[in-house]
Amino acid sequence: MPESEGPADALLCLRAAVSADPEDPMALVRLRDSSGNDLDGIQGATSVTFLSKESKAPVQTFDVHVPARMLRSRELSSREGGAPKIDLEPDAFFPLSALLFAILQRNERAGSYLRNATTAQIVPISALERAPILEYLTGKRNAWDGIVSPTDVADSGATAPSDTAAPAALTKDDAAERPVTSKRTFQPDAADAEFVRHLRSKYELVLLSRDDALRGSMTADTDDGTTGARAGGDLLGLRAMMAPRIEAAKKRSVSSNKSSTSSSRSAPSAINPARKSRAQDPIILLSNSPTALVNMFNVKALLQDGVFIPPEEARQQAGGIPELVVTIRAPSSDEPTSGQGVSLSRRILVVDSAEAVNRLGSGAPGSDQDPWSRVICVFTTGQSWQFKSYRWSDPRDLFRNAMGVYVRWSNEAPSVQVKNWNVTHLQVGTCYALVPLTIVQVDRTKRHTDKQLVAFFWRSLDSWVQRKKPRLHL
């Protein structure tokens with residue numbers, strides 16, 4: 001049978017070829033470039049040829065960009081005024097390349113399929129309609145709501161294919177796509193129409209403008225004696241009454257701003273240059289391990305308030321949804337300690353993944369804008385897999401660039417992996433400062449020691465930052 005070209009039969013040819021071999025839907029489909037060479041993917045393809053199941057000879061050839069009779073959304077088939085016409089609105093239909101790409105990517109997940117379609121510059125199928133469309137193309141269902149029948153295509157000015165121009169296998173489901181008779185024009189009941197008109201004119205409040213939306217709760221009697229209807233009103237009178245007061249308030253505000261500006265210029269500057277604001281905040285990186293004693297749910301209560309809350313209890317209090325970035329206030333060594341405690345003025349950002357660190361900056365590695373150069377502390381559970389996605393995957397390299405902290409229960413033995421990292425122990429009360437790793441022991445019941453533990457942590461971190469990263473000095 002000689003090859004032919006034409007957009008009218010593309011969908012039926014594709015469906016017949018794909019459903020002929022469910023194990024290998026592309027067995028009877030050949031994608032070719034402009035030189036006639038066969039391709040494995042849709043990229044670079046300019047035409048598609050469908051083969052006969054018996055002889056493997058070419059039967060139909062189409063341009064891959066020809067629009068098929070399948071709408072991009074099934075909702076377009078029932079829009080007011082009827083479904084789009086393929087010759088008048090070709091962009092409302094899927095091109096043949098989009099359906100071929102969906103078949104090639106049939107085993108991919110929704111996110112991977114959409115990403116691949118964007119990369120290949122192919123029109124993607126929505127996640128809700130992708131499964132039924134694939135079922136229709138592979139012959140698992142006989143119809144889909146978003147398909148325009150061949151008769152509608154012929155009515156729009158396109159030429160419908162003859163039965164001799166398509167393979168016999170293409171006509172077996174053609175009857176299922178025949179259009180139903182046109183819908184009868186709806187004729188509303190005259191009594192119902194009169195009742196709706198009366199209801200709208202007397203009782204319905206239509207919000208047409210901003211003034212209508214600001215109507216009060218006053219009620220009034222209608223002309224037919226009904227009480228309780230909402231009365232209309234506007235704010236023009238109130239606006240006219242308040243206009244002089246608003247203008248007077250604006251003048252007083254401008255004069256007070258001018259006087260405050262002049263006084264601030266005459267007064268000596270009281271800002272300490274050593275306390276000038278820094279453009280970047282230090283970062284603390286937590287472990288996202290489920291066994292970590294310090295996580296995104298309880299880190300603020302521990303490091304800022306000095307109260308240790310068990311991780312599961314903190315997770316329940318937060319509803320199981322952590323914040324992407326937790327902001328805590330650290331005690332600053334630049335400000336004197338007040339009689340009631342240390343002033344919390346230095347802001348520190350807390351995250352629990354390498355991806356979150358990368359989102360906090362976009363500078364080149366080693367620059368001041370590099371977010372990894374602002375990481376001053378890394379919490380670990382003693383498992384080396386935690387560092388695989390970090391800038392420094394080797395623990396020794398990591399703890400040369402950030403102070404390491406290992407938190408464990410006081411009655412549990414330390415991790416064997418931590419011992420293999422060859423760190424030096426220095427006992428300080430119930431806490432052990434390690435260089436470069438700090439092991440913090442948390443008692444299960446003695447909550448009165450939490451503040452002492454946190455104070456030791458901040459002193460250790462401040463000392464480390466002064467020696468290693470003075471520009472981020474707390």
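Visitor: Hi! What does the side chain of Ser289 make a polar contact with?
Guide: In this predicted model, the Ser289 side chain makes a polar contact with the side chain of Thr291, at 3.0 Å.

Visitor: And where is Ser289 found?
Guide: Look in the loop between S9 and helix H9 (299-303).

Visitor: Is Ser289 buried or exposed there?
Guide: Ser289 is buried, because its relative accessible area is 8%, and the cut-off for buried is under 20%.

Visitor: Which residues is Ser289 in contact with, leaving aside neighbours within four places in sequence?
Guide: Those are Thr381, Gln383 and Trp385.

Visitor: Nice. Switching to aromatics: how many aromatic pairs are there?
Guide: The count comes to eight aromatic pairs. One of them joins Phe379 and Phe457. Their ring centres are 5.9 Å apart and the planes sit at 45 degrees, which makes the pair tilted.

Visitor: Why do Phe379 and Phe457 count as buried?
Guide: Phe379 counts as buried because its relative accessibility is 5%. Phe457 is buried as well, with a relative accessible area of 4%. Both values fall under the 20% cut-off.

Visitor: What is the aromatic cluster made of?
Guide: Trp372, Phe387, Tyr390, Trp392 and Phe399 form one cluster.

Visitor: Back to H14: how many residues does the helix have, and what distance does it reach?
Guide: Helix H14 covers residues 450-468, so to speak 19 residues, and reaches 27 Å from its first C-alpha to its last. That is close to the 27 Å expected at 1.5 Å a residue. Its buried residues include Leu453, Phe456, Trp458, Leu461 and Trp464.

Visitor: Now strands. Is S3 mostly covered or uncovered?
Guide: Strand S3 (residues 47-51) is mostly covered, with five of its five residues buried.

Visitor: Which way do the residues of S3 point?
Guide: Ser47, Thr49 and Leu51 point one way, while Val48 and Phe50 point the other way. In a regular strand, side chains alternate between the two faces of the sheet.

Visitor: Which strands does S3 pair with?
Guide: One partner is strand S1 (residues 29-32), antiparallel to S3 over four bridges. There, Arg30 has Thr49 as its bridge partner. Strand S4 (residues 58-63) also runs antiparallel to S3, and five bridges join the two. On that side, Phe50 stands opposite Gln60.

Visitor: What about the hairpin of S3 and S4?
Guide: Six residues lie between the two strands, and Lys56 takes a positive phi near 60 degrees.

Visitor: Another spot: where is Arg15, and is it buried or exposed?
Guide: Arg15 is found in helix H1 (residues 10-19). Arg15 is buried, with a relative accessible area of 5%. A polar atom of its side chain lies 2.7 Å from the backbone oxygen of Arg141.

Visitor: Last topic, confidence. What does the pLDDT average?
Guide: The protein chain averages 75, and 70% of the residues score at least 70.

Terms used
Residues numbered from 1 in each chain as written. Predicted model: local features only at pLDDT ≥ 70, side-chain atom pairs only at ≥ 80, totals over all residues. Heavy atoms only, no water. Buried < 20%, exposed > 50% of the residue type's maximum accessible area, 1.4 Å probe, protein only. Pairing = 2+ DSSP bridges. Polar contact = N/O pair within 3.5 Å; in protein donor to acceptor, adjacent residues only side chain to side chain. pLDDT = per-residue confidence, 0-100. Expected span 1.5 Å × (residues − 1). Phe/Tyr/Trp six-rings, centres within 6.5 Å; stacked < 30°, edge-to-face > 60°. Contact = heavy atoms within 4.5 Å.
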